[in-house]
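This report is an introduction for a reader who meets the structure for the first time. Please look over the sequence and the model shown below before reading on.

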Amino acid sequence: MRSSCGVAAIAGLLALAGCASMPASRDATTVKFAEPRNVYEIAGRLSARHDADAFAAGFRWRHAGDRDELDLASPLGQTVARLIGDAGGVELQTPDGKVQTANDWTTLTSRGLGWALPVAGLAYWIQGAPRKDSPFTAEAGDDGAPGVLRQDGWTIVYQAFAKDASGAPRPARMTLDYPGVELRLVIDTWQ
C-alpha cells in the first residue's frame with residue numbers, strides 16, 4: 001500500500017514547467033496543435049491507476065515560467081497535498097506537516113510511486129501540444145485538433161476541448177495510458 005505522500009506525488013506529474021515551440025513531425029501538418037503558453041492556471045479533477053493502486057483528487061495548477069504550484073484536494077474538499085517546484089527543486093507538503101523534497105519531478109515521483117511520470121511531457125500534453133524536442137506521432141480528431149498523441153511511450157487521447165480565457169481551444173478531457181498506468185484528467189477551468 002502506498003503512503004499518502006507517495007500517492008499524492010501523482011500530482012507531481014502536473015507540476016512541471018516548460019513551454020516552447022513544437023518539434024516538426026510527419027503528422028504535424030495534419031494536426032492543429034495548440035500554441036503552448038508559458039503562464040496558465042487550470043483547475044479540474046484527476047484519477048490515476050497504477051496496477052491495483054488508485055487515486056482521485058481535485059486539483060488547481062498554477063504555472064508561471066519555471067515555477068509550478070499544485071494543490072490537491074480530496075473529493076470532499078480536504079487538502080491532500082501541495083506540490084511546489086522550480087528549477088531549484090521540488091517539494092511535496094502534506095496536511096500533517098511532512099515535506100518530501102527532490103531535485104526534480106521525475107525523482108520525486110519515482111521515489112513516491114515506484115515509477116517515473118512524464119511530467120516534462122504533461123506540461124505540454126495538458127495544453128494540447130507535443131513535448132519539445134522529442135519524437136511523436138499524432139492523429140487528428142474533430143476540426144483537425146489532436147485526437148491521439150503518442151510520445152515518450154505514452155498514448156494521450158483527447159476526448160473534449162474547451163476555450164481558455166484567450167479563446168484558444170484547450171483540452172477539457174483526456175486520458176493518458178502507459179503500460180500499467182492510466183491517468184484521466186478533466187479540466188474544468190483554463191485561465
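Two strands are taken to pair if DSSP finds at least two bridges between them. By that rule strand β5 (residues 89-93) pairs with β6, since the two run antiparallel and are joined by four bridges. Within this pairing, Glu91 has Thr101 of β6 as its bridge partner. The model is a predicted one, and what follows should be read with that in mind.

## The sheet as a whole

The strands make up an open sheet of 11 strands with antiparallel pairing, and their order is β6-β5-β4-β3-β2-β1-β11-β10-β9-β8-β7. At the edges of this sheet stand β6 (99-102) and β7, each of which has a single partner strand, so one side of each is left without a neighbour in the sheet. From one strand to the next, the twist averages 20°.

As a general point, the side chains of a regular strand alternate between the two faces of the sheet.

## Strand β1 and its two neighbours

Strand β1 (residues 39-50) runs antiparallel to strand β2 (residues 53-64), and 12 bridges join the two. Along this pairing, Tyr40 has His63 of β2 as its bridge partner, while Ala43 stands opposite Arg60 in β2. The hairpin of β1 and β2 has two residues between the strands, and in it Asp51 takes a positive phi near 55°.

Strand β1 also pairs with strand β11 (residues 181-190), in the antiparallel sense and over nine bridges. In this second pairing the bridge partner of Ile42 is Trp190 of β11.

## From β2 to β3

Strand β2 pairs in the antiparallel sense with strand β3 (residues 67-73) over seven bridges, and Ala64 has Arg67 of β3 as its bridge partner. These two strands form a hairpin with two residues between them, where Gly65 in the turn has a positive phi of about 65°.

## Aromatic pairs

How many aromatic pairs does the structure hold? There are five aromatic pairs in the structure. Because Phe33 lies in the loop between α1 (4-8) and β1, and Phe136 in strand β7 (residues 136-140), the pair ties together parts that are 103 residues apart in sequence. Phe33 and Phe136 are both buried. Trp154 and Tyr178 form a stacked pair, at 5.0 Å centre to centre and with 25° between the planes. Trp154 lies in strand β9 (residues 154-163) and Tyr178 in strand β10 (residues 169-178), so this pair ties together parts that are 24 residues apart in sequence. Trp154, at 3% relative accessibility, counts as buried, whereas Tyr178, at 37% relative accessibility, counts as partly exposed.

A cluster is also found, in which ring pairs link Tyr40, Trp61 and Trp190. Over the face of Trp190 lies Arg170, at 5.8 Å from the ring centre.

## Salt bridges

The structure holds 15 salt bridges. One of these joins Glu41 to Arg60, with the closest N and O atoms 3.0 Å apart. This pair links distant parts of the chain, given that Glu41 is in strand β1 and Arg60 in strand β2, 19 residues apart. Both residues are described as partly exposed, Glu41 at 22% relative accessibility and Arg60 at 35%.

A further salt bridge brings together the side chains of Glu69 and Arg62 (3.5 Å, N to O). Glu69 has a relative accessible area of 18% and is therefore buried, the cut-off for this being under 20%, while Arg62, with a relative accessible area of 22%, is partly exposed. Glu69 and Arg62 also belong to a network of salt bridges in which Arg62, Arg67, Glu69, Asp71, Arg82 and Asp86 are linked.

Arg131 and Asp152 form another salt bridge, in which the closest N and O atoms are 2.8 Å apart. Arg131 lies in the loop between α3 (119-125) and β7, and Asp152 in the loop between β8 (146-151) and β9, so the pair ties together parts that are 21 residues apart in sequence. Arg131 counts as partly exposed at 22% relative accessibility, and Asp152 is partly exposed with a relative accessible area of 33%.

Technical notes
Residues are numbered from 1 along each chain as its sequence is written. This is a predicted model: local features need pLDDT of at least 70, side-chain atom pairs count only at pLDDT 80 or more; totals for chains, interfaces and linings use all residues. Side-chain values use heavy atoms; hydrogens and water are left out. Rings of Phe, Tyr and Trp (its six-membered ring) pair if their centres lie within 6.5 Å; planes under 30 degrees apart count as stacked, over 60 as edge-to-face and the rest as tilted. Buried means under 20% relative accessible area, exposed over 50%, partly exposed in between (1.4 Å probe, protein chains only). A charge sits over a ring if NZ of Lys or CZ of Arg is within 6 Å of the ring centre and within 35 degrees of the ring normal. Axes are lines fitted to C-alpha atoms, for helices over the stretch in contact, and angles run from 0 to 180 degrees between N-to-C directions. A salt bridge is a side-chain nitrogen of Lys or Arg within 4 Å of a carboxyl oxygen of Asp or Glu.
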